[in-house]
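Welcome to this short tour! Keep your viewer open and get ready to select a few things along the way.

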Amino acid sequence: MTRPLPDELLKLPHRIEVPFTKLTTLGVGGVCHWLFEPTTEAEAQAFVRACVRESLPYRVLGGGSNLVVLGNMSMPVLRLRFPQELQRNGLTLTAPASFGHIRMAQGAANEGLSGMEYASGIPGTTGGALRMNAGAYGRELVDILDTFRFLTPQGELIEKRPEPGEFNYRCSFLTGGYVGLSFTVRLAGGDRESIQAQVRENMGKRGSSQPLSKRNAGCIFKNPPGTSAGRLIDLAGLKGFRIGDAEVSSEHANFLINHGHATAAEFAELMDVVRAKVRETHGIELEPEVEIWHAE
Ligand SMILES: Cc1cc2nc3c(=O)[nH]c(=O)nc-3n(C[C@H](O)[C@H](O)[C@H](O)COP(=O)(O)OP(=O)(O)OC[C@H]3O[C@@H](n4cnc5c(N)ncnc54)[C@H](O)[C@@H]3O)c2cc1C
């Protein structure tokens, strides 16, 4: 049963009954009853403030590339649709949180700016990358982050520099109602062609090591200290293990893939099986890297 929403929310840009299969890269999940898509920071702030006034919990969605949604979502979901513009100022580059993360890395390369090459194969939005402190090849966003703008869960707009403890391995404090709005990275000048070549090389490496032809959500589990989750899953003999249309990829054991008609329940069950088998084989508890949204 969905709760009626106040007029001050309903006057903001929104859509109803949008399937999560279209909002996530894994392509599973029920229906998003209320999808709010503000096109300005003021609209995003109005959304948060209205939710606060109504004591209405909400979720924030980016590109859905790190998400498994179980069932229907009746609480409002916020997905930013800001104008897609990168702004260069000397050695810094600023992107709105709805900007494509890979597109930003390519944009930096095209500007002859070095430092974001590591991000060239990490899908989703820059907002999701900020929240997740996305990273690869030993680098992560906080390494280059200069300033960032966000809304607090009370709807206050803040711009600041990152401080120690705010961003850690695949996580940040921007959860539980915080909304990342934009960020600026500080990069180094370099040779445009070699930066672009590095971007292409990083993307090529992924094409040969990840099952990119099937829908997936990237690495499902975080790497435990000193080891790789994919290796633990592989050694537990789970590559190719399948429940319905959900499978542990044979190419990269930390990727679960959707053969076409997998359901969220099948992925949830597959994740449980993987965790139990890795616990039994290695005595290690895997922690999900993907976020799981339960029906609410
Ligand atoms: C093929 C593939 C490869 C991947 N490789 C990597 C990799 O190498 N390294 C890596 O770190 N990740 C990787 N990922 C995971 C994923 O791309 C990143 O976590 C990405 O940063 C998530 O961004 P998103 O916009 O899709 O976020 P979503 O999946 O939409 O959301 C993820 C989390 O971020 C929150 N969020 C989204 N936008 C905002 C916002 N504006 N403000 C506040 N919170 C927000 C959501 O509430 C949720 O908690 C990969 C995924 C795929 C599919």
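At what angle do helix H3 and helix H5 pack, and how far apart are their axes? Before you look, note that this is a predicted model, where local features need pLDDT of at least 70, side-chain atom pairs count only at pLDDT 80 or more, and totals for chains, interfaces and linings use all residues. Residues are numbered from 1 along each chain as its sequence is written, and side-chain values use heavy atoms, with hydrogens and water left out.

**First stop: two helices.** Select residues 101-110 for H3 and 192-209 for H5: they pack at about 155°, with axes 8 Å apart. That makes H3 roughly antiparallel to H5, a label for angles over 145 degrees. Now show side chains: Ile102, Ala105, Gln106, Ala109 and Asn110 of H3 meet Arg192, Ile195, Gln196, Val199 and Met203 of H5 (contact means heavy atoms within 4.5 Å).

**Second stop: the ligand.** Select what surrounds the ligand and you will find 38 residues, each with a heavy atom within 4 Å of it. The closest are Val60, Ser65, Thr125, Gly135 and Glu291. Which helix or strand gives the most to this shell? Color H4 (126-132): H4 supplies five residues.

**Last stop: polar contacts.** These are pairs of N or O atoms within 3.5 Å. Zoom in on threonine 125, where a side-chain N or O atom is 2.6 Å from a ligand oxygen. Next, pick arginine 206: one of its polar side-chain atoms lies 2.8 Å from an oxygen of the ligand.

Technical notes:
Polar contact = N/O pair within 3.5 Å; in protein donor to acceptor, adjacent residues only side chain to side chain. Helix = DSSP H or I, 4+ residues; strand = E, 2+ residues; numbered from the N terminus. Axes fitted to C-alpha atoms, helices over the stretch in contact; angles between N-to-C directions. Parallel < 35°, antiparallel > 145°, perpendicular 65-115°, else oblique.
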